[in-house]
Amino acid sequence: EIVRVSPKCSFMVVGNKTDLPRKVQHEQAENWAVQELKVPYIETSALSGAGVDDFFNMLARLAAQSSR
């Protein structure tokens with residue numbers, strides 16, 4: 001709903017805690033984000049640090065794109 005009411009804002013979906021057992025498969029979450037919401041998807045783990053740098057890089061790119 002937030003994408004619908006704020007169409008000029010940039011969003012992304014972040015799957016966190018990838019170091020724990022999965023509740024949702026990667027492909028299912030990515031398909032939902034990319035195909036349904038039309039936003040980027042990334043997975044991270046604060047515990048191991050996996051994907052955290054990629055998350056901040058993607059966030060910076062989205063911020064730069066939305067400021068144009």
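These notebook entries record what I looked up in the predicted model shown above.

**Entry 1. Ground rules**

I worked with a predicted model, in which local features need pLDDT of at least 70 and side-chain atom pairs count only at pLDDT 80 or more, while totals for chains, interfaces and linings use all residues. I numbered residues from 1 along each chain as its sequence is written, and side-chain values use heavy atoms, with hydrogens and water left out.

**Entry 2. Confidence**

I began with pLDDT, the predictor's confidence in each residue, from 0 to 100. The protein has a mean pLDDT of 90, and 94% of its residues reach 70 or more. Among the elements, I found the lowest mean pLDDT, 73, in helix 1 (residues 2-5), and the highest, 97, in strand 2.

**Entry 3. Overall layout**

I listed 3 helices and 2 strands, taken as DSSP runs numbered from the N terminus (helices H or I, at least four residues; strands E, at least two). Their order from the N terminus is α-β-α-β-α. The C-alpha trace spans about 35 × 25 × 15 Å along its principal axes.

I then looked up contacts, meaning heavy atoms within 4.5 Å. Of the contacts with a separation of 6 or more, 57% are between residues 24 or more positions apart.

**Entry 4. Surface and burial**

I took buried as under 20% relative accessible area, exposed as over 50%, and partly exposed as in between (1.4 Å probe, protein chains only). Of the 68 residues, 22% are buried.

**Entry 5. The salt bridge**

I searched the whole structure for salt bridges (a side-chain nitrogen of Lys or Arg within 4 Å of a carboxyl oxygen of Asp or Glu) and found 1. It joins the side chains of E43 and R22, at 2.7 Å from N to O. The pair links distant parts of the chain, 21 residues apart: E43 belongs to strand 2 (residues 41-43), and R22 to the loop between strand 1 (13-15) and helix 2 (26-37). E43 is buried at 18% relative accessible area, whereas R22 is partly exposed at 39%.

**Entry 6. D19**

I found D19 in the loop between strand 1 and helix 2. D19 counts as partly exposed because its relative accessibility is 35%. Beyond its neighbours within four places in sequence, D19 is in contact with S45 and L47. The side chains of D19 and S45 make a polar contact at 2.4 Å. I counted as polar contacts pairs of N or O atoms within 3.5 Å; within protein, one must be able to donate a hydrogen and the other to accept it, and residues adjacent in sequence count only if both atoms are side-chain atoms.

**Entry 7. T44**

I located T44 in the loop between strand 2 and helix 3 (52-66). T44 is buried, at 7% relative accessibility. Its side chain makes a polar contact with that of N16 at 3.1 Å. Leaving out residues up to four places away in sequence, T44 touches several residues, including V14, K17, A50 and F55.

**Entry 8. The aromatic pair**

I looked for paired rings of Phe, Tyr and Trp (its six-membered ring), with centres within 6.5 Å; planes under 30 degrees apart count as stacked, over 60 as edge-to-face and the rest as tilted. The count came to 1 aromatic pair. The rings of F55 and F56 have centres 4.8 Å apart and planes at 65°, so I recorded the pair as edge-to-face. F55 is buried at 18% relative accessibility, while F56 is partly exposed at 48%.
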